[in-house]
Amino acid sequence: MPIRAIARQLGISKNTVKRALATNRPPVYSRPAKGSVVYTVEPQIGELLKQTSTMPAPVIAERIGARVGALPNPVCPQAEISALGTSRKVRQ
């Protein structure tokens, strides 16, 4: 089957087909692990949890300025903040 026909059928570039045929193994996609935005504000979160250990994640996010666009990650990290809070022992 011609390279052009393979490329058309798969919806990929002819160069991609040529590159795939030139190797003897399937392509491997890899991307370096990206750190979480929470790592940059973890000390602040820790201090807030020391002051009030039952503080809800949305309040913590608000206090550290975690609104859309305020931190490097465009998503508010409330789930990650919640996970940090649950890993600490809650005082009753």
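This note sets out numbered points on the predicted model shown above.

1. Basis of the values. The structure is a predicted model in which local features need pLDDT of at least 70 and side-chain atom pairs count only at pLDDT 80 or more, while totals for chains, interfaces and linings use all residues. Residues are numbered from 1 along each chain as its sequence is written, and side-chain values use heavy atoms, with hydrogens and water left out.

2. Overall fold. The chain contains five helices and zero strands, in the order α-α-α-α-α along the sequence. Helices (H or I, at least four residues) and strands (E, at least two) are DSSP runs, numbered from the N terminus.

3. Of the 92 residues in the chain, 25% are buried; buried denotes under 20% relative accessible area, exposed over 50%, and partly exposed in between (1.4 Å probe, protein chains only). Among contacts (heavy atoms within 4.5 Å) between residues at least 6 apart in sequence, 41% join residues at least 24 apart.

4. Surface. The accessible surface of the chain amounts to about 7,400 Å², with 55% belonging to carbon and sulfur atoms. Areas come from the Shrake-Rupley method with a 1.4 Å probe; for residues, only the protein chains shown count as cover.

5. Positive patch. R4, R8, K14 and K18 form a positive surface patch. The elements that give two or more residues to this patch are α1 (3-10) and α2 (14-22). R8 lies in helix α1 and is exposed, at a relative accessible area of 61%. Patches are made of residues with over 30% relative accessible area and no salt bridge; like charges are joined within 9 Å, and nonpolar side chains (Val, Leu, Ile, Met, Phe, Trp, Tyr) within 5 Å. Lys and Arg count as positive and Asp and Glu as negative, whereas His and the chain ends are not counted. A charge is placed at NZ of Lys, CZ of Arg, CG of Asp or CD of Glu.

6. Salt bridge. One salt bridge (a side-chain nitrogen of Lys or Arg within 4 Å of a carboxyl oxygen of Asp or Glu) is found in a search of the whole structure. The side chains of K50 and E47 meet in a salt bridge at 3.6 Å, N to O. K50 and E47 are three residues apart in helix α3 (residues 38-51), and are therefore separated by about one helical turn. K50 is exposed, at 56% relative accessible area, whereas E47 is partly exposed, at 42%.

7. Loop between α1 and α2. S13 is placed in this loop and is partly exposed, at 38% relative accessibility.
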